[in-house]
Amino acid sequence: MQEFLFEVLICFLAGAGAGLGTGFAGMSAATVISPMLVTFLGLPAYDAIGIALASDVLASAVSARTYAKSGALDIKNGLVMMAGVLSMTMVGSWLSTFMPNNTLGGFSVVMTLILGLRFLLLPVTSPNRTIQGSRRWVQIVKGAAGGAAIGLVCGFFGAGGGMMMLMVLTMLLGYELKTAVGTSVFVMTFSALTGAVSHFALGSPLRMDLLILCVIFTLLWAQIAAKIATRADAKLLNRLTGAILTILGVILAALNFF
């Protein structure tokens with residue numbers, strides 16, 4: 001009984017962290033869920049990534065719906081990025097089967113810290129000239145290329161897809177943060193679904209109890225975070241996002257390197 005309650009607690013904490021990260025920052029749930037399941041429950045990294053990607057699907061879909069209602073979602077460019085993401089996610093997932101446990105998931109730690117500090121110190125409050133002035137075909141090429149890189153990382157590491165998507169949308173395409181997060185979770189709904197299916201197909205049978213718990217808790221907290229984020233002003237959202245990413249980055253660094 002104590003072991004079951006401990007598993008529920010870990011899934012709740014992992015789901016809360018993942019849901020808040022998804023709703024506020026468009027972050028992949030695998031950034032939080034994977035290392036927690038591996039560290040505290042001893043789950044194989046590949047299985048933990050599959051559970052995390054499955055948790056991403058509903059949480060991202062609900063968050064995207066909330067952002068869409070407030071007009072903070074660019075579906076046209078999101079579809080372009082999605083094509084690039086989906087084309088490479090399964091390739092990345094297949095390549096990850098050849099990697100050892102301690103390699104998977106570690107890539108996103110540094111990226112999480114960098115983006116957290118970036119949003120704290122250099123808030124993204126309005127669209128810049130990159131998206132306002134560039135030609136449509138340039139945006140398409142950038143979105144497709146960025147999406148392909150994101151898909152490869154998302155499938156391979158099971159983490160970092162959301163972080164890379166935020167980086168591409170805010171730094172390369174010039175989105176303000178709220179629309180970047182809304183578009184990111186829209187794309188992640190489909191990339192996470194593709195990654196989860198490929199992980200389940202290539203891996204061993206999963207712990208369904210852990211999967212259900214993580215999905216429920218992640219969905220709950222993602223919905224709460226997305227509703228708060230769509231009502232927050234740009235600077236406050238940047239600070240909330242930066243604080244969450246920085247804290248998670250520090251925690252993940254401690255789990256991975258100490």
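At 9% relative accessibility, E7 counts as buried, where buried means under 20% relative accessible area, exposed means over 50%, and partly exposed lies in between (1.4 Å probe, protein chains only). The model is predicted, so that local features need pLDDT of at least 70 and side-chain atom pairs count only at pLDDT 80 or more, while totals for chains, interfaces and linings use all residues. Residues are numbered from 1 along each chain as its sequence is written, and side-chain values use heavy atoms, with hydrogens and water left out.

E7 is placed in helix α1; helices (H or I, at least four residues) and strands (E, at least two) are DSSP runs numbered from the N terminus. Leaving aside neighbours within four places in sequence, E7 is in contact (heavy atoms within 4.5 Å) with L41, R207, D209 and L210.

In soluble globular proteins, nonpolar side chains tend to be buried together. Not counting residues up to four places away in sequence, I51 touches L37, L43, F200, L206, R207, L210, L211 and C214. The buried residues of α2 include I33 and L37, and just after α2, G42 takes a positive phi of about 70 degrees.

Rings of Phe, Tyr and Trp (its six-membered ring) pair if their centres lie within 6.5 Å, and planes under 30 degrees apart count as stacked, over 60 as edge-to-face and the rest as tilted. A search of the whole structure finds three aromatic pairs, one of which is the edge-to-face pair of F12 and F217, 5.2 Å centre to centre with 85 degrees between the planes. This pair links distant parts of the chain, since F12 is in helix α1 and F217 in helix α10, 205 residues apart. F12 counts as partly exposed at 31% relative accessibility, whereas F217 counts as buried at 16%. F12, F217 and W221 form one aromatic cluster.
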